[in-house]
Structure formats: C-alpha cells, structure tokens
Amino acid sequence: MSEEFENREQLLDEISSLRQRVKELEVSVASHKQSEERYRRLYDRMLHDEGMDGYAAINMDGYFRVSNAAFMKMVGYTAEELRGMIYLDLTPEKWRETERVIIQEQVLSENFSQVYEKELRRKDGSVFPVELRTYLIRSRNGQPSGMWAFVRDITVRKQSENILVAQRDLSLALAGTKSLQDTLQLCLDTAIQASGFDSGGIYILDSRKKSLDLACVRNLSDEFVDSINHVPADSERARVVMAGSPCYLEGADCDGVLKQEHFVREGIKSCSIIPISSQERIIACLNVASHVLEKIPPYARNALESIAGQIGLCIQKAQAEEELRDSEKKYRQLVDFLPIIVFECDKRGNITSTNRAAFKAFGYTQEDLGPGFNALQVIVPEEKERALHNIQRRINDEDVDTIEYTAVRKDGTTFPVRILSAPIIRNNKAVGLRGAIIDMTEIKLARKALQESEERWQFALEGSGDGVWDWNKQTGEVFYGSSD
C-alpha cells in the first residue's frame with residue numbers, strides 16, 4: 001500500500017514538473033516569435049527603407065545576391081540589374097587591390113573586417129566615397145558561402161573634410177604670398193577647387209565710388225571678361241554685394257541674369273555672388289561659375305561661404321601691404337630725386353638706408369654700403385669721437401648745435417658737410433636716426449669769396465679820398481666811408 005502511494009506521489013511530481021516545463025516552453029516560443037517578428041520588421045525595413053545605410057550580400061564568386069533599397073538608390077541600379085553583376089563592377093580600379101587584401105587578411109581569417117573606406121561607381125559613371133564593414137557568411141558545415149556588408153555614403157562628410165583641408169592649406173599658402181594679386185589668385189583657385197566650379201573672379205570694392213572692379217580671373221574668355229570687368233555702383237549686382245548676403249544663380253534663375261547674351265555666349269550654367277567682408281565692412285566679392293553644373297549643391301555653397309568668410313582679413317591685409325609698398329616706392333623715388341644725401345642708421349650708427357646722392361658724393365657703390373657699413377667711416381678720424389657722441393645725443397632727442405664735420409670720400413679726399421638728423425621712433429622707442437647730409441663745399445667757397453670781396457671793397461673805400469656812404473633800406477643803417 002505504501003509502495004503504491006509513493007508511486008502516485010512521484011507521478012504527480014512528474015506531472016507538475018512537466019506542466020512547468022510546458023509553460024517555460026510556451027514563454028520561450030512566444031519570446032522567440034517576438035524576436036523573429038522584430039527581426040523580420042528590421043529586415044524588411046533594412047531592405048525597403050531608403051533612409052537607412054545600404055546593405056548588400058554577395059556569394060563567394062562576387063555576384064550580388066540581395067541588396068536593400070538604400071544601396072540600390074546609392075548606385076542607381078535595380079535589384080535585377082545588380083543580380084547580374086559582381087561587386088568589382090562597382091569598384092574603381094584603384095580600390096580593388098586594397099579591398100582584396102582586406103577580404104583576405106580580415107574577412108576570411110577573422111570573419112569580419114574593420115570599418116574601411118573606398119569608392120563606388122554609380123550607373124551614370126560618377127564615383128562617390130563610402131564607408132563599409134564586411135562580414136563573412138558560412139554554410140551549415142562551416143564553409144564560407146558569401147559576404148555581406150553595411151555601406152554608408154560619406155559624400156557629405158568628405159566634402160566637409162575637404163573644405164577644412166582647403167581652408168587649412170589656404171591659410172598656410174597665404175602666409176607665403178607677397179602681393180595682393182598673388183593673394184587674390186590663391187583665394188580664387190581655392191574657392192573653385194573646393195566648390196567644384198570651374199571658373200570665376202574676385203572683384204575689389206572701390207570704397208569711395210562704391211563700384212566693383214575685377215582684380216583677378218580664372219578660365220573665362222577675354223570677351224566675357226571685358227563685359228563684366230566693371231560693376232557700377234548703381235547696378236543691381238553692386239546692390240546685391242553691398243547687401244552682404246550670398247546670391248546663387250542657377251539655370252532657371254528668376255532674374256534671367258544667366259539668359260543675358262554675354263552669359264549665354266560664355267556658356268555659364270550657374271554662378272554665385274559671395275560678398276567678402278572684413279571687420280564688418282564689405283571689401284570685395286567672390287564670383288565663381290560653372291559651365292557644366294546647372295544646380296549648385298549645398299556642399300558647394302558651404303565651401304564658398306566658408307572660404308569667403310576666411311579670406312576677408314587676408315585680402316585687406318594684402319591691400320594694406322600693397323599700399324605700403326606703393327607708398328615706400330614713391331618715397332624712395334622722391335628721396336632718390338633729392339640732390340642732398342638722405343640716410344637712416346641704427347643706434348650704433350650702422351647705415352640701413354641711403355639715396356643715390358650718397359653714392360655720388362662719397363664715391364661708394366651699393367655693395368660698399370651693405371650691412372655693417374658705419375656712418376663714422378665717412379668722418380675723418382679726429383672727428384669720429386665727437387660724431388659718435390652727437391649720434392647718441394640725437395637718439396636721446398637732445399638738442400645739438402649745428403653739426404658740421406669733415407667728411408672723407410672712398411678715395412681719401414675730404415669735404416665739409418653739415419648733418420641734420422632726428423630720432424626714428426618705433427613702439428615709443430628710439431631705434432636710430434634719420435637725416436640729411438649737406439655738402440658745404442660750395443657754400444664755404446661762396447662764403448670765402450664773399451668775405452674776400454667785402455675785404456677788397458673795404459680796402460678800396462678806405463684808400464679813396466672821396467666821401468662814400470651806404471644806406472640799408474631794410475635796417476635804416478648808414479655806413480660812412482672815411483675821407484680826408
């Protein structure tokens with residue numbers, strides 16, 4: 001009886017355990033169904049949602065087996081077209097060896113690759129950059145049966161990177177430019193390259209007249225340049241520039257600018273007008289155009305506006321340097337024209353600049369007066385100490401009486417000079433002297449001749465027996481000669 005009871009209890013326990021197992025299996029099956037449903041929805045979305053990354057699977061021969069809508073949109077092929085193609089058909093030649101190594105060394109050995117970049121060729125022949133990761137597919141017996149990859153179009157990212165690179169390279173290159181023309185040409189070439197356009201020009205604003213003049217140009221015909229090289233202040237284009245906002249004209253621009261005869265003859269399909277400012281003031285205008293693009297893509301607009309925002313201060317700086325060079329050139333021409341010697345020297349008396357009159361007066365050449373030539377070298381030895389003392393006094397801005405010296409030429413001959421000078425002040429500090437040297441030879445000869453004439457005249461008066469007088473009308477003085 002007890003043995004029968006024990007068997008019954010054991011049977012009940014087994015039934016209870018079996019029921020629990022059934023419940024667990026039911027939960028597991030339900031969970032599995034939910035998981036399968038989520039996976040199916042994700043898979044369906046991945047295949048049909050064009051907003052997702054591209055997905056493609058190939059067999060070991062490289063033929064496409066399946067691809068999603070996003071991938072087909074990227075490359076421009078239908079699913080049927082792709083199934084008759086291998087992945088090498090979409091891979092430009094220059095990337096094939098790189099990808100072969102990645103598949104061999106990463107995918108086949110590690111079952112997946114690291115994220116890598118390459119390019120794909122669209123159906124229309126254009127090429128674009130992608131980022132992808134490739135995984136190995138194995139059959140049930142563990143043998144490789146294919147590969148699949150997620151593919152992301154990174155065109156926008158690459159364009160942004162290219163803009164940053166262009167801006168960096170432009171900054172480095174601008175540091176080495178020596179003229180306004182070089183600066184403008186470099187800025188224009190960078191804008192054309194970064195935006196994908198093929199031609200253009202930069203206008204400089206005449207701040208007084210408010211008109212614009214073409215300062216540099218690239219890849220435009222002479223006839224077209226002649227028709228656009230000046231923009232009057234009262235024109236619509238000048239008003240657009242002075243408004244300060246970029247303007248983009250495309251094939252169907254509403255104002256019909258591109259339909260004007262000279263634009264049509266030149267074959268311009270699109271162009272942009274980008275004001276260039278510095279310190280919140282319009283100073284120039286960047287214009288780029290395309291003979292091919294009828295639409296201006298967003299990345300091109302970003303590139304042009306970024307570069308225009310960068311080059312304003314550079315152009316203004318180059319303009320200031322150009323004006324300074326012109327001013328220095330005019331100053332040099334004026335100084336060289338003067339008949340007196342003009343010089344500059346540092347605090348030690350080393351000559352840093354002089355005019356042509358110095359070469360003629362002292363008999364030295366340009367090479368003779370190079371670095372290290374000291375002003376004391378043209379003063380006779382016995383007067384050098386006085387000259388050095390007076391140089392220091394003038395640098396300290398002390399008053400010095402009329403300074404006359406005996407100068408010595410390269411050939412050793414001497415002549416009298418008078419030196420006038422004043423301190424050169426930079427950053428509130430005296431760094432040298434600027435002055436003039438006057439050859440006193442003729443003046444002293446004239447003084448000597450006048451003195452001798454006066455002495456002869458006086459002797460003649462005193463030796464005559466006649467009464468002689470001389471009246472100075474300006475001073476009222478009367479001079480009476482002696483008489484017997």
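The structure is a predicted model, in which local features need pLDDT of at least 70 and side-chain atom pairs count only at pLDDT 80 or more, while totals for chains, interfaces and linings use all residues. Residues are numbered from 1 along each chain as its sequence is written, and side-chain values use heavy atoms, with hydrogens and water left out.

**Stop 1: R218**

Select R218, which is placed in strand 7 (residues 212-218); helices (H or I, at least four residues) and strands (E, at least two) are DSSP runs numbered from the N terminus. R218 is partly exposed because its relative accessibility is 30%; buried means under 20% relative accessible area, exposed over 50%, and partly exposed in between, with a 1.4 Å probe and protein chains only. Next, display Q185, L188, D189, I192, S199 and G200, which R218 touches when residues up to four places away in sequence are not counted; contact means heavy atoms within 4.5 Å. The C-alpha atoms of R218 and I192 are 9.1 Å apart, although 26 residues separate the two along the chain.

**Stop 2: S113**

Move to S113, in the loop between helix 4 (93-110) and strand 3 (116-121). S113 has a relative accessible area of 0% and is therefore buried. Its contacts, leaving aside neighbours within four places in sequence, are I102, Q106, V107, R133 and T134.

**Stop 3: Salt bridges**

The whole structure contains 27 salt bridges, each being a side-chain nitrogen of Lys or Arg within 4 Å of a carboxyl oxygen of Asp or Glu. Select K123 and E81, whose closest N and O atoms are 2.9 Å apart in a salt bridge. K123 lies in the loop between strand 3 and strand 4 (127-138) and E81 in helix 3 (residues 79-83), so this pair ties together parts that are 42 residues apart in sequence. K123 is partly exposed at 47%, and E81 is partly exposed at 30%.

Then select K295 and E250, which form a salt bridge of 3.9 Å, N to O. K295 is in the loop between strand 11 (281-290) and helix 10 (298-337), and E250 in the loop between strand 9 (247-249) and helix 9 (261-266), so the pair ties together parts 45 residues apart in sequence. K295 is exposed at 60%, whereas E250 is buried at 18%.

**Stop 4: The largest cavity**

There are 4 cavities of 30 Å³ or more. On a 1 Å grid over the protein atoms alone, a cavity is a set of points where a 1.4 Å probe fits but cannot get out, and lining residues have an atom within 4 Å of a point. Grid points are joined across faces, edges and corners, and a volume is the space filled by probe spheres set on the points.

The largest cavity holds about 360 Å³ of space. Select F343, A375, V378, I419 and I437, which lie nearest its centre among the 26 lining residues. Helix 12 gives the most to this lining, with 4 residues. The lining of the largest cavity comprises 22 nonpolar, 3 polar and 1 charged residues; Ala, Val, Leu, Ile, Met, Phe, Trp, Tyr, Cys and Pro count as nonpolar, Asp, Glu, Lys and Arg as charged, and the others, Gly among them, as polar.

**Stop 5: The second largest cavity**

Finally, turn to the second largest cavity, with about 230 Å³ of space. Of its 19 lining residues, select I58, Y87, E99, L132 and A149, the closest to its centre.

Definitions and conventions. On a 1 Å grid over the protein atoms alone, a cavity is a set of points where a 1.4 Å probe fits but cannot get out, and a pocket is an open set with protein on both sides within 12 Å along at least five of seven lines; lining residues have an atom within 4 Å of a point.
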